[in-house]
Amino acid sequence: TIDAADAERKISKYTKAVIPVHIQGFPSDMDALGALAKKYNIAIVEDACQSVGGSYKGRRLGSIGDAGTFSFNYYKVITSGEGGAMFTSNRTLYERALIHHDSGGIAYFGKQLDGVNEPQFCGSQYRISEITGTVIRAQLKKLDGILADLRKNKALLMSELSDVLDFIPSHDPEGDCATTMAVRFETKEAARSFGSAVGGTLPINTGKHVYTNWTPVMNKRGAFHPLMDPYKMEANRDLNHNYTPDMCPRTLDLLARTVYISINPDWDEQGRSAVAKRCRDALK
């Protein structure tokens, strides 16, 4: 859920796109990012991998920007075990993605290139199996029901705890996927103590989800062979890639003072009450 105002301060003449990540089911501020993209003529590529089915002001996440991406691995809103999808309403992007994701198939099999105007190039092989496709199609039929149950349980739990907890803001409370109730504390110590007591997760402790743990980025090693490494390419010499572990202090502070509590779509009243009691006991 990138800060649009901070993103604007970092835009340069080299900037091509902004990538909002709708993390933990929470939508990014797509109005602010849309205005930013229009002002600077840059693209929006949505990462909706953790927000499949979520929405922002009535529009599904992943369908608002120039392109949107989704993940279907085992801990996403719906799953086919592994795999993902890309959405776009831009015909050129679609054709390039088609060629890139199935470089062998489009060149040798069937009629995949019928109506395709983009020139062929060497891409990768990202085909998924028919079995995987069948599973995700069945899951799609359940998606709105899963989201409805998640949203109901999150709203009821937040209502029950609103007198004692400070919840993080959401750009669209009705549209977020409600997979996560996120609670903010004044200090890192309070968050750590509460998280430990309730079995919650501190986002600062989620490994590679925190940029300081992006080893290839921090070490500026973008590829195995130096001639393919974007950090070492002459064309990128003037780009801003002076990444350091302390470059986003506000992000690190918020992540360390926040606790995630996962919402279960199958909770009944007894299940929600047990979680609420655990939270109140932890606060005591």
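Buried means under 20% relative accessible area, exposed means over 50%, and partly exposed lies in between, with a 1.4 Å probe and protein chains only. Keep that in mind for what follows.

This is a predicted model, where local features need pLDDT of at least 70, side-chain atom pairs count only at pLDDT 80 or more, and totals for chains, interfaces and linings use all residues. Residues are numbered from 1 along each chain as its sequence is written, and side-chain values use heavy atoms, leaving out hydrogens and water.

First, the overall picture. The protein chain has nine helices and eight strands. Those are DSSP runs, numbered from the N terminus: helices are H or I with at least four residues, strands are E with at least two. The C-alpha trace spans about 65 × 45 × 35 Å along its principal axes. Of the 284 residues, 35% are buried. Now contacts, meaning heavy atoms within 4.5 Å. Among contacts with a separation of 6 or more, 59% join residues 24 or more positions apart.

Next, threonine 180. It sits in strand E7, residues 180-184. Is threonine 180 buried or exposed? Its relative accessibility is 2%, so threonine 180 counts as buried. Its side chain makes a polar contact of 2.6 Å with the side chain of glutamine 24. A polar contact is a pair of N or O atoms within 3.5 Å; within protein, one must be able to donate a hydrogen and the other to accept it, and residues adjacent in sequence count only if both atoms are side-chain atoms. Leaving out residues up to four places away in sequence, threonine 180 also touches Phe26, Lys154, Tyr260, Ile261 and Ile263, among others.

Now threonine 258, in strand E8, residues 258-262. Its relative accessible area is 7%, so threonine 258 is buried too. Its side chain reaches the backbone oxygen of leucine 254 at 2.6 Å. Beyond four places in sequence, its contacts include Ala182, Val183 and Arg184.

Last stop: helix H2, residues 30-40. Which residues of H2 are buried? They are Met30, Leu33, Leu36 and Ala37. These four lie on the same side of H2, because they cover an arc of only 120° around the axis. That arc is taken from the directions from the helix axis to the C-beta atoms. The face turned away carries the exposed Lys38 and Lys39. What covers the buried residues of H2? The cover includes helix H1 (4-9) and strands E1 (17-18), E2 (43-47) and E3 (55-56). After H2 comes asparagine 41, with a positive phi near 55°.
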